Amino acid sequence: MSGLGSVFSMCRSVIIAAATAALWGCGADAPDRSSATTVATAAAGGARSGAHASSEPVRDWPMFGRLSSRTSSTGAIGITAGEAPGLRRMTVALPGTVDSAPIFLHGVMAGGATRDLFLMTTTYGRALAVDARSGSIVWTFTPAGYGRWAGSYQIMNATPVASADRRFLFSGSPDGRVHKLAIAGGREQHGRWPVSITRLPEREKLTPSFGLIGGRVVVGTGGYVGDAPPYQGHIVTIAPGSGRILGVTNSLCADRHAIIDPKSCRSSDSAFWSRSGAVEMPDHSLLFATGNAPFDGRRDFGDSVLRVSADGRRLLGSWTPSNHRSLNAGDVDLGSTGPVLIGGGSIMQSGKDALLHVFSTRALRRRGSVGGEIQTLAAPGGMGMFTAPAVWRHAGRTWMFATTGGGTGAYTQSGGRLTRRWSVGRAGTSPIVAGGLLWVYDPSGALLAYRPTTGRLVAQLPAGEGHWNSPVPGHGVIALPEGSANDRSQTGALNLYTTR
């Protein structure tokens, strides 16, 4: 998009963001800072992935969960509920497995043309741009050193993030580096880039999804399967222009705000490995959850939810469940999923313990808060949660949708408490709400679409088997990668479900 078209898009985005910001102050969803342009006719050509004219806004999905609050919900996507059962599946062969989610950008210049793009990172660090209409791979970026770790245990599951001006993609690689790539052709930027966020990539894994929050690239580290020490989960903020590291918060040895040699800390583990990555609070502070490790409320914050300043330089507060010792002893990570802003002054945090812990945001005003849950509910299917729930505002009510390997459940929030509205015994990865439907990938091999308010199954579409993969909408198309990083494969597949 160029000329008057880009000016129109920018103005519309500012108006939408301002209007939504006013709502956010009254308890609605966080401001939508993504691009929202209007498709007026089908003559949009290659810039439009859809077959029929529409005046619906075409929204970007520029990071995991779409917004920095990680709600994983959006409005119209050019696919109606009536069209969902008849979507056609196109399978694109990829040079790697995408064991995460793509992102989507509408109408960007890439490969010499204006296109709708799905952008993604494979488990060994290849970044890919796929045309959302044709399924063609527009460009591929392979990080230097790829041959050293390809096929090894050294994998990653982080979804990349687009820059605010939609010109660059920030993507990771298993050597612990964050790359800045031009969306036009995949060319790597230099200067301080790529930025290393660990001193021991053989132990510290880039697994939480990237975010662009408050004008900063926000990334983090976890650990590999087997929890081989030493490593410490930490969050890092980076200036998207210069690549300068702006702030670091370690969840162990938390008094040290720098990227440390893991061997220099007395404690190990406390992985930051949730699908959602860091979550932005209404006051712009950042939340993330940690895995098994010691907890003392001063220096070590295993099995906790941490609240960090927007620049990543200060640990402002924390909440830890009262049974943290048993969680640590039993390898029952609290941080297998991330915190969810459900509204009403409450946060939901689940984990491997198969419980939904609801606690007040007030608990995060200081460090070391323990227990005091408002509510504790069983997770869907009674199983541990490894997914990122979706939050949806509809008809003045806030809904939350959660999935596990044993079920899918829907909840509404009132007065900071959750009430279960429906559940089904069907597994799912991280769900999304798009086009008025709840989309859930069953990793045994199906993409499912439910009515969000009733749980009625609207569509069941074929897919291959997977792991942590989850769907993302474009316009007139849904993208879903398949496969598991744990297979250590250097090939993979992307499913595109379209109305054509």
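The paragraphs below go through the aromatic pairs, strands and cavities of this predicted model. Residues are numbered from 1 along each chain as its sequence is written, and side-chain values use heavy atoms, with hydrogens and water left out. Because the model is predicted, local features need pLDDT of at least 70 and side-chain atom pairs count only at pLDDT 80 or more, while totals for chains, interfaces and linings use all residues.

A pair of aromatic rings is described by the distance of the centres and the angle of the planes. Rings of Phe, Tyr and Trp (its six-membered ring) pair if their centres lie within 6.5 Å; planes under 30 degrees apart count as stacked, over 60 as edge-to-face and the rest as tilted. The structure holds 13 such aromatic pairs. In one of them, the ring centres of Phe170 and Trp193 are 5.5 Å apart and the planes stand at 40°, so this pair is tilted. The pair joins distant parts of the chain, 23 residues apart: Phe170 is in strand S9 (residues 168-173), and Trp193 is in the loop between strand S10 (177-182) and strand S11 (195-196). Strands here (E, at least two residues) are DSSP runs, numbered from the N terminus. Phe170 is buried at 0% relative accessibility, and Trp193 is buried at 4%; buried means under 20% relative accessible area with a 1.4 Å probe, protein chains only.

Trp422 and Tyr450 form another tilted pair, with 5.9 Å centre to centre and 40° between the planes. Trp422 belongs to strand S30 (residues 417-424) and Tyr450 to strand S33 (residues 446-450), 28 residues apart. Both residues are buried. Ring pairs also link Trp422 and Tyr450 with Trp392, Trp399 and Phe401 into a cluster.

Trp392 and Trp399 come up again as bridge partners, Trp399 being in S28. Strand S27 (residues 390-394) pairs with S28 in the antiparallel sense over 5 bridges; two strands pair if DSSP finds at least two bridges between them. S27 and S28 form a hairpin with 2 residues between them, and Ala395 in the turn has a positive phi of about 50°. On to strand S29 (residues 407-414), S28 pairs in the antiparallel sense over 7 bridges, and these strands also form a hairpin with 2 residues between them. Of the 8 residues of S28 (residues 397-404), 7 are buried, so the strand is largely enclosed by the rest of the structure.

Elsewhere, an open sheet of 4 strands runs in the order S3-S37-S36-S35, with antiparallel pairing. Strand S3 (88-94) and strand S35 (472-473) are at the edges with a single partner strand each, so one side of each has no neighbour in the sheet. S3 pairs with strand S37 (residues 492-498) over 7 bridges, and Met90 stands opposite Leu496 in S37.

Charged side chains also meet rings. Arg126 lies over the face of Tyr146, at 4.2 Å from the ring centre, and Lys180 lies over the face of Phe168, at 4.4 Å. The rule asks for NZ of Lys or CZ of Arg within 6 Å of the ring centre and within 35 degrees of the ring normal.

Rolling a probe the size of a water molecule over the atoms shows where empty space is left. On a 1 Å grid over the protein atoms alone, a cavity is a set of points where a 1.4 Å probe fits but cannot get out, and lining residues have an atom within 4 Å of a point. There are 3 cavities of 30 Å³ or more. The largest cavity holds about 80 Å³ of space, where volume is the space filled by probe spheres set on the points, joined across faces, edges and corners. Its lining includes Arg70, Ser276 and Val391.

Key:
Buried means under 20% relative accessible area, exposed over 50%, partly exposed in between (1.4 Å probe, protein chains only). On a 1 Å grid over the protein atoms alone, a cavity is a set of points where a 1.4 Å probe fits but cannot get out, and a pocket is an open set with protein on both sides within 12 Å along at least five of seven lines; lining residues have an atom within 4 Å of a point.
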